[in-house]
Amino acid sequence: MEKIAELKANTLNTAEFINEKAQEISRTVGDGLAINALSGGVDSSAVTMLGHKALGDRLKTYFINNGLMRKDEPESIVSIFKKLGVKVEIVDAQARFFKALRGITDPEEKREAITQTFYKDVFAKLVKDSGAKYLLQGTILTDVDETVAGIKRQHNVFEQLGIDPQEAFGYKIIEPLVQLRKDGVRKVAEALNLPKSIFNRMPFPGPALSARVIGEVTPEKINTVRIATSIVEEELAQVSAFQYMAILHNDRVTGMRQGKRDFGLQIEIRCWNSIDARNAKPTQVAYEKLEKLASRMTTEVPGVVSVTYNIASKPPSTMEAV
Ligand code: XMP
């Protein structure tokens, strides 16, 4: 496997990069059609804009509602792109993802179930129905590194694992951002005139909130972690950090409510400082803020009796718990 040549953010000429990649996409797709899935993250947003620059209406962009997204996420992303002149169609695939995740507790098996549902089920059908031959996606170098190193199977890495998407799923994958890391993608996204809410957007993993539920993923648990995520995102919005998140643990602990025993849920909060996600340190969040978080979690998230703040660094931790 050929080594991918990294393009560092500090020496990146974004205008040249955008022109080169748009031309490459045009050449590869020819006069055919391509599709892509937009999640609203900076990677898939940059790919969406690059693809539309290269292909115009011959790129069909979908938002896959896998049921694992944050509160109001599908509608808000579609509306941001509407303002940019990009039409995005929402595909309701919630039932398919929850079915695929049923009964699975192992983190890597969960990731695999999501990968298979995305690529074999949802995309394969979209490709077939649309007549497209290519899927454009925003894989970046860190995704490839961590997957190849066996740390985490990122949902969007195939070729580097010896998987041919054409053989496995019936279509080819184009990855224009694969030489970049997050800081480089942000520069490209800004140069593509995406709004700050997108080019500065906090990273969010492909497996979405299922990466934040330890143990089996169910609609109820996703709902719990979704409420906890909104609280963390509201409370930590002013903290300068790379990423913050709420994690729902699988084990219950003894708590008490109204004088009675309550064997309740545990939420772990993480807030990371990092440049490129390869290493990370917990942010020194003010104690008053942590107390406010604890108070909101135990009153606003049904069933929560314990709230912890992670103080370990990556490595040996990773940023997501799954
Ligand atoms: P970890 O947990 O590996 O996360 O330290 C590093 C960064 O990558 C994000 N992440 C993912 N992104 N698909 C993605 O698109 C994934 O499977 C995935 N796993 C982790 C994570 O949110 C963090 O920013």
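Modeller: Let me begin with Gln258, which is exposed at a relative accessible area of 82% (exposed is over 50%, buried under 20%, partly exposed in between, with a 1.4 Å probe and protein chains only). This is a predicted model, where local features need pLDDT of at least 70, side-chain atom pairs count only at pLDDT 80 or more, and totals for chains, interfaces and linings use all residues. Residues are numbered from 1 along each chain as its sequence is written, and side-chain values use heavy atoms, with hydrogens and water left out.

Colleague: OK, and where does Gln258 sit?

Modeller: In the loop between strand S7 (253–257) and strand S8 (260–273). Strands (E, at least two residues) and helices (H or I, at least four) are DSSP runs numbered from the N terminus.

Colleague: Now Asn193. Which loop is that in?

Modeller: Asn193 belongs to the loop between helix H8 (182–191) and helix H9 (196–199). Its phi is positive too, near 65°, and again the residue is not glycine.

Colleague: Is Asn193 buried or exposed?

Modeller: Exposed, because its relative accessibility is 62%.

Colleague: Switching to peptide bonds: what kind joins Lys314 and Pro315?

Modeller: A cis one, with omega about -15°. Pro315 is in the segment after strand S10 (304–309).

Colleague: And what joins Pro315 and Pro316?

Modeller: A cis peptide bond as well, omega about 5°. Pro316 is also placed in the segment after S10.
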